Structure formats: C-alpha cells, structure tokens
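Me: Hi! I'm new to this one and would like to look around a bit. Could you walk me through it?

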Amino acid sequence: MKNKVMAGLLTVAMAAAMLAGCAGNNSADSGEKKESYTIGISQFAEHGSLDNCREGFLEGLAGEGIKEGENLTVDLKNAAADMGTAGQISDSFVSDKVDMICAIATPTAQSAYNAAMDAGIPVIYTAVTDPVSAELAKEDGTPVGEVTGTSDKLPVEAQLKMMRQLLPDAKKLGIMYTTSEANSVSTIKEYGSLVEKYGFELVEKGITTTADVALAADDLLSKVDCITNLTDNTVVASLPTILEKANEKKIPVFGSEIEQVKIGCLAAEGIDYIALGKQTGKMAAQVLKGEKKASEMNFELITEPGFYVNNKVAADLGVTVPQELSDSAVESFDEITK
C-alpha cells in the first residue's frame, strides 16, 4: 500500500513538472506576445516632415493592432535639434527599459542605437537618408545589430529634371546643409555627380548650427539662381527664414517633401512622410509581436516620389508650371500655409 501511495505521489509530481515545463514554453522569453508595449519615440527636431513620420508610425502600428491608449504607451521626447539632448533621451529610454525605441531622423537613430545596442532593446528608425553612411546598416542593406527602419532617400535625379523643366534658364543651384549630418553629406555627393547632366552648377553652403542659417542664406542667395532643400533637419527647422530671404530676391526654393511646399517652397519631387512612417510602424509591429527580429530585416524605402507644387508661389515668382508637370501633381496648393 505504501508503495502505491509513493508511486501516486511521483506521478503527480511528474505531471506538475510537465505542466510547469509547458508554462515555461509560453513565456515572453520564448516568444509569447505581450499584452501591452511601451515605445520611446525620440524625434530630433520639430518640423512638418518629422511630425508626419511620427503620425504615420503610430498609424502603422494601429493598423497592426497596436494602439496608443489601448495596448501601447508612448513616451515622446524631442531633442530640439541638439545632439547632446538626443543622447540624454536615448539613455533615459534605456534606463526605463522600454520595449522599443523609435528614432526619427539620422542623429537620433545613431544615438539610440549606440545607447541600446548592449541593452537588448530594438531600435526602429525612420527618416534616415543613408543608413549605410550612418553606420546603421551594412553595404548590402542588412542591419549592423538590432536596428532597422526606413530611409527617406531623396529622388535626386527626378528633382533635378523637374527643376530644369520649371526653370529652363537657371544655371547656379544652391544647397545649404549641416556638415555633421551624414545623410546631408551623402546627398550632396549625389547632387554633385548629377548636376552637370542637367546643366546646373552646384554651389554648396555648409553650416554647423541653426545660428548659422541667416548669414549662410544671405551668402548663398547672392550666388545662385535657385535653391533646393534636402531633408537636413537643422536647415528644415529654419526654412521659414530661408524662404523669407529668398522671396525678397525672387529666388525660387525647392523642397524635398509636401510640408515644405505647403509653407512656401515652389515644388518638390519628394516622398510622403506619413506613408514612410506607416511603413516603419508595420516593421515595428513585426518586431514587437515577435514575428521577426530587427536584425533580420533590411531597411526599406519608398521608391516612387510624388510631385508637389505651390501655384501661389509660382505666380508670385512668375514661373510657369508646364501642363505635363501640373497634370502629374500628387497635390497642388493655391496658398501658403504659415
């Protein structure tokens, strides 16, 4: 009888152990989906294109069932275009052990990955023009670690072709850029390799901080027939200043996306930053749900640019928009948004 009792106890113990083992296989460590998530969003500066990236990112997550206020907590911080602040934000997110960092723009993406790379926190970036130059991806597009996202690489040749159609007599093309932004340096090189094909001479003007913009704009505008704008965050944040000075001289300024055209740039062959953000949000959802690791996902980009034009600016500058371009516009505007 004693042996039977002992055998029964052993059977119960073995069954309990098996159940515990099964429970362990369903834990978060083995891929169980969490019921809620916390994402730290680090945005380098406050301006339309980056704001649209953030909006699109949250929309992309929501489309995958991860919704702020339901199963998602968002901690949003803005670096105000300061690299030191961006570093502090990244460190705070790592200290808080967020589930993911979403980094909007190249400087914050670099900062976030440097802070999170040894903490096991995935970083998903957006609005990074050249992830390879930013050392976030290898030459073949694969991630350098648990970091991936979307590129806002500009359609440089399409922009040059469009500018030549709108300004057939323009010769000197100016670009202002931040010398410390890897994406800007990369794009400047691409412009330099293509401008001659479209009959332009490139005039560059490098800056280091927002404080340099006003004087740099005066100098650049004295040398060029038109200006094209990059996705350079420091310059974009000061675009109203540049536009005001350019308008006084009747010099056209071209943008790199829709928001810049709304506020006074003549036109752009640019990308839709809300669409880019949505794409990023879908990638982030895969990582959060455990479907893929960030290190298993190459960075992505939007391949088709869209033409945007501000008819009010064209009229003020005396520029005629060819019917072919006008008909192809994704969106056109008849006023300037302040």
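Me: Let's start with the second largest pocket: which residues lie nearest its centre?
Reply: Phe44, Ala81, Met83, Ser180 and Thr234 do, out of 15 lining residues. A pocket here is an open set of points on a 1 Å grid over the protein atoms alone, where a 1.4 Å probe fits, with protein on both sides within 12 Å along at least five of seven lines; lining residues have an atom within 4 Å of a point. This is a predicted model: local features need pLDDT of at least 70, side-chain atom pairs count only at pLDDT 80 or more, and totals for chains, interfaces and linings use all residues. Residues are numbered from 1 along each chain as its sequence is written, and side-chain values use heavy atoms, leaving out hydrogens and water.

Me: Which helix gives the most to that lining?
Reply: Helix H4, residues 106-116, with three residues. Helices are DSSP runs (H or I, at least four residues), and strands are E runs of at least two, numbered from the N terminus.

Me: Switching topic, where does Ala329 lie?
Reply: Ala329 is in the loop between helix H13 (323-328) and strand E13 (331-333).

Me: And why does Ala329 count as partly exposed?
Reply: Because its relative accessibility is 22%, and partly exposed covers what lies between buried (under 20%) and exposed (over 50%), using a 1.4 Å probe and protein chains only.

Me: What does Ala329 touch?
Reply: Phe307 and Val309, leaving aside residues up to four places away in sequence; contact means heavy atoms within 4.5 Å. Gly306 is 23 residues from Ala329 in sequence, with 7.1 Å from C-alpha to C-alpha.
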